[in-house]
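This report describes one protein chain for a reader who has its sequence and coordinates at hand. Please keep the structure in view while reading.

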Amino acid sequence: MKVKVIVTTKANVLDPQGAAVERAMHSMGYEGVEHMRIGKYMEFELSAATEAEAKEQVERMCKVLLSNPVVEDYRYELEA
């Protein structure tokens, strides 16, 4: 099963990397760019007997390793 995980900084948490990229975009003439947020994207294969088991494993991975639940949100997709 293919897993795609996207991790982003929570909306109420300062994202200094996103702010720096937004300033760079403005200095390059892209004035319409606003509210830039930087995140992480991960893609991997996972062996699981059922979709429910895969979801349980991915939830656990996201909570303990792939994201910091204090300052980050995550979402994922499973593809058969």
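## Overall architecture

The model is predicted. Its chain holds two helices and three strands, and from the N terminus these elements follow the order β-α-β-α-β. The chain is more spread out than a compact globule, because its radius of gyration is 16 Å, well over the 12 Å that the globule rule gives for 80 residues. Along the principal axes, the C-alpha atoms fill a box of roughly 50 × 25 × 15 Å.

Of the contacts between residues at least 6 apart in sequence, 66% join residues at least 24 apart.

## Surface and charge

Buried residues account for 20% of the 80 residues in the chain. The accessible surface amounts to about 5600 Å², and carbon and sulfur atoms contribute 55% of that area.

The chain carries 10 positive and 14 negative charges.

## The largest nonpolar core

Nine residues form the largest nonpolar core: V3, V5, V7, M42, L46, A54, V58, C62 and L66. Two elements, β1 (residues 2-9) and α2, each give two or more residues to this core. Helix α2 supplies the largest share, with four residues.

With neighbours within four places in sequence left aside, V58 is in contact with V3, V5, L46, Y76 and L78. Under the corresponding exclusion, M42 contacts V3, K4, V5, V7 and L66.

C62 belongs to helix α2, which spans residues 51-66. Its relative accessibility is 0%, so C62 counts as buried. Beyond residues up to four places away in sequence, C62 touches V5, S67 and Y74. C62 and Y74 are twelve residues apart in sequence, and their C-alpha atoms are 7.2 Å apart.

M42 is located in strand β2. At 18% relative accessibility, M42 is classed as buried, since buried means under 20% relative accessible area. The C-alpha atoms of M42 and A20 are 23 Å apart, with a sequence separation of 22 residues.

## I6 in strand β1

I6 lies in strand β1. Its relative accessibility of 25% places I6 in the partly exposed class. When residues up to four places away in sequence are not counted, I6 touches K40, Y41, D73, Y74 and R75.

One of these partners, Y74, is 68 residues from I6 along the chain, yet the two C-alpha atoms are separated by 5.6 Å.

## H35 in the α1–β2 loop

H35 sits in the loop between α1 (16-27) and β2 (39-45). With a relative accessible area of 67%, H35 is exposed.

What is the phi of H35? The value is near 60°, which is positive in a residue other than glycine. Most residues other than glycine have a negative phi.

Terms used:
Residues are numbered from 1 along each chain as its sequence is written. This is a predicted model: local features need pLDDT of at least 70, side-chain atom pairs count only at pLDDT 80 or more; totals for chains, interfaces and linings use all residues. Side-chain values use heavy atoms; hydrogens and water are left out. The radius of gyration is taken over C-alpha atoms; the globule rule is 2.2 Å times the number of residues to the power 0.38. Buried means under 20% relative accessible area, exposed over 50%, partly exposed in between (1.4 Å probe, protein chains only). Contact means heavy atoms within 4.5 Å. Accessible areas come from the Shrake-Rupley method with a 1.4 Å probe; for residues, only the protein chains shown count as cover. Lys and Arg count as positive and Asp and Glu as negative; His and the chain ends are not counted. The place of a charge is taken as NZ of Lys, CZ of Arg, CG of Asp or CD of Glu. A nonpolar core is a set of buried Ala, Val, Leu, Ile, Met, Phe, Trp, Tyr and Cys residues joined through side-chain atoms within 4.5 Å.
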